[in-house]
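Please take a look at the structure below.

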Amino acid sequence: MLTFKLAIRNLIGAGLRTWLNVFVLSLSYVVIIYMNGMLDGWNRQAKTDMIHWDTGQGQLWQKNYDPVDPFTLQNSFGPIPGELNNLVKEGQIAPVLITMASFYPEGRIQSILLKGIPDNQKVLDLPTASMIGDSTEISALVGKRMAQSNRIKVGDLITLRWRDRNGTFDAADVRIAAIFDTNVPTVDAGQIWIPLTRLQKMLQVPGEATLLIRGKSEWPSFNSEGWVSKDLKTLTAEIDQIIKGKSFSSAVMYLILLLLAMLAIFDTQVLSIFRRQREIGTQIALGMTRWQVVKLFTVEGAMHGVLAAILAAIYGIPFLASQSRFGIPMPKATDSMGLAVAEKIFPVYSIGLIIITIVFVLITATIVSYLPARRISKMNPTEAIRGRIQ
Amino acid sequence: MESNKTVIEIRNLVKTFPMGNREFTALNGINLTFTGGEFSGLVGPSGSGKTTLLNIIGTLDSPTEGEALVMRHSVGKLSQKKAAHLRNLKIGFIFQTFNLLPVYSALENVEFPLLLQKMNAASRKKAVMDALDWVGLADKVRSRPAQMSGGECQRVAIARAIVKKPEIVLADEPTANLDAENSHHILQTMVKLNKELGTTFLFATHDEKVIGYLRRIIKLYDGKVSSDEIVTVK
Ligand SMILES: Nc1ncnc2c1ncn2[C@@H]1O[C@H](COP(=O)(O)OP(=O)(O)O)[C@@H](O)[C@H]1O
Ligand SMILES: [Mg+2]
């Protein structure tokens, strides 16, 4: 108790020097929490987008379907279970039919995935309603990435070649009805979307699909023969993995920031023990034991962490709150970083993160305060009183 | 504090410091006894061992040989904790360089030893104000050392030394950084404290002004006592 009282007295007495340190430390609190909040917000957004554009809430895969092996696609069609038909009609379940196809942008040949999806589906954010299901032309959707890399514009006519279920080649032109803008590359790059019924006709597989995507409503009971259920966890395993990897790199950043803050404390501490030798000697002469002085200096150093937490709360809470409310605009360039980036990121701060940060800073501040303070216990008080460098 | 009681007893004290690979003898066979209420001084040229002896009496250093008993405690055989306790309760220090705690006000400096004693706030406050009154600085309670003159700083240091009503005050060249007027002022203050509180004062000095106030003069030369005289009334 006495140690705390004296530590506070010393800190307040030191004035500006204390406040500078406290300010630096409070910045690292705020920046650590801010950066983590941003990454967290980013990750959550990426996952939410993934669910909205790609995975839905769950899927049924035709038993042969293997997304990493496109050569199995030819055998991965199966009749849509009849029990699901109502929900499909309502757009609550989106059957998707997938095949390989080639198209010829600017004279090259390129392999793509051709995907059929009902134009009335309500499961994914794909603007399938802009496809005109029963026009004489086949109307198609492509994503922004696909459009950009192949210079496709709305209204373009694109020639596609594919094999039907019997392995016979066929070709047709599709008209680009819309180009959609998504953060999710897995529904965009190297893909062309057309109405499901057209693709079923083209492949001669009426009433069949490769996979079924559901929205909020659960699967009704149905004859699941030939279908394998994939829950959300399985479907988002990959992005969860990426998020984990990112949290590792953010932990590294976290540590670097913390290290900088701790360096500031350590430095002050080393300097102040050096500079305040005479004070230390005097405290001993006045009746403190050397270990009491070590304790006092340690608490003094660690107290920077406490004061910084208070200061950080004063200016950090309004700042962080406004950031999470209004979002942080992201520069377009970040899009090329691989993982999808939204235009605005809304940081998410977890109580856990905040508590862990504070506790961690306090513990490390105590340690880096203690390490240099230990020297005091080896000081010779008679030399210290005279302020001799030892 | 009763007088005529032995407060410090030094027997065959030797203090050596390592110097390179040899030993340097700073104190060589000192025998001294101080009774309560004395106003005495170690006088000698620089390097004669005055500070070293004062530090040992103040339990900040320990004898190499022989014994130093302070309030019947043998210096050097006390644990760190016991020695600190003894300094805190019974021994007041006054230094040549004042050694006030720089970020504390006059009041906080004087309060410091009482905080260590865990004295309650009310009696602490009273003791501090009394001590500052004694040295004539009741109006400077809020001042920091940097805002005070050397004389004022030394008076705060005296207040800090006597606030706990110690048995012994050890003053190492207390006037070395003061002008004549301030020197006389603080010396008169100390004489008054000595008379009214019965506190034992032990100086280390080579300042003629200080010597003029001493009631017992112990001359040190090369780590040995060369003379020890009681000053009879002037
Ligand atoms: N810690 C020390 N290490 C080595 N020599 C010391 C130490 N302290 C004092 N001395 C030496 O002991 C002698 C007496 O010193 P000191 O007691 O400070 O003398 P005074 O106070 O009378 O000037 C001096 O020669 C000084 O150099
Ligand atoms: Mg000296």
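Residues from chains A and B surround ligand 1, so this site is shared between chains. The model is predicted: local features need pLDDT of at least 70, side-chain atom pairs count only at pLDDT 80 or more, and totals for chains, interfaces and linings use all residues. Residues are numbered from 1 along each chain as its sequence is written, chains are lettered from A and ligands numbered from 1 in the order in which they are written, and side-chain values use heavy atoms, with hydrogens and water left out.

The shell around ligand 1 holds 13 residues, the closest being B:Gly47, B:Gly49, B:Lys50, B:Thr51 and B:Thr52. To be near, a residue needs one heavy atom within 4 Å of the molecule. By type, the shell has 4 nonpolar, 6 polar and 3 charged residues. Here Ala, Val, Leu, Ile, Met, Phe, Trp, Tyr, Cys and Pro count as nonpolar, Asp, Glu, Lys and Arg as charged, and the others, Gly among them, as polar.

Which atoms of B:Gly47 lie 2.7 Å from an oxygen atom of ligand 1? A backbone N or O atom does. B:Lys50 also uses a polar backbone atom, 2.9 Å from a ligand oxygen. B:Thr51 uses its side chain: an N or O atom there is 2.6 Å from an oxygen of ligand 1. On its own, ligand 1 has 560 Å² of accessible area (Shrake-Rupley method, 1.4 Å probe). The protein covers 74% of that area.

Two elements of chain B give two or more residues each to this shell: strand S2 (22-35) and helix H1 (50-57). H1(B) gives the most, with 3 residues. Helices (H or I, at least four residues) and strands (E, at least two) are DSSP runs, numbered from the N terminus.

Strand S1 (residues 6-19) of chain B pairs with S2(B) in the antiparallel sense over 11 bridges; pairing requires at least two DSSP bridges. B:Glu9 has B:Thr33 in S2(B) as its bridge partner. The two strands form a hairpin with 2 residues between them, and B:Gly20 in the turn has a positive phi of about 65°. S1(B) also pairs with strand S4 (residues 65-70) of chain B, antiparallel over 5 bridges. There, B:Ile8 stands opposite B:Val70.

Last, turn to chain A. A:Arg145 lies in helix H4 (residues 144-150). Its side chain reaches the backbone oxygen of A:Thr182 at 3.3 Å.

Methods
A polar contact is a pair of N or O atoms within 3.5 Å; within protein, one must be able to donate a hydrogen and the other to accept it, and residues adjacent in sequence count only if both atoms are side-chain atoms.
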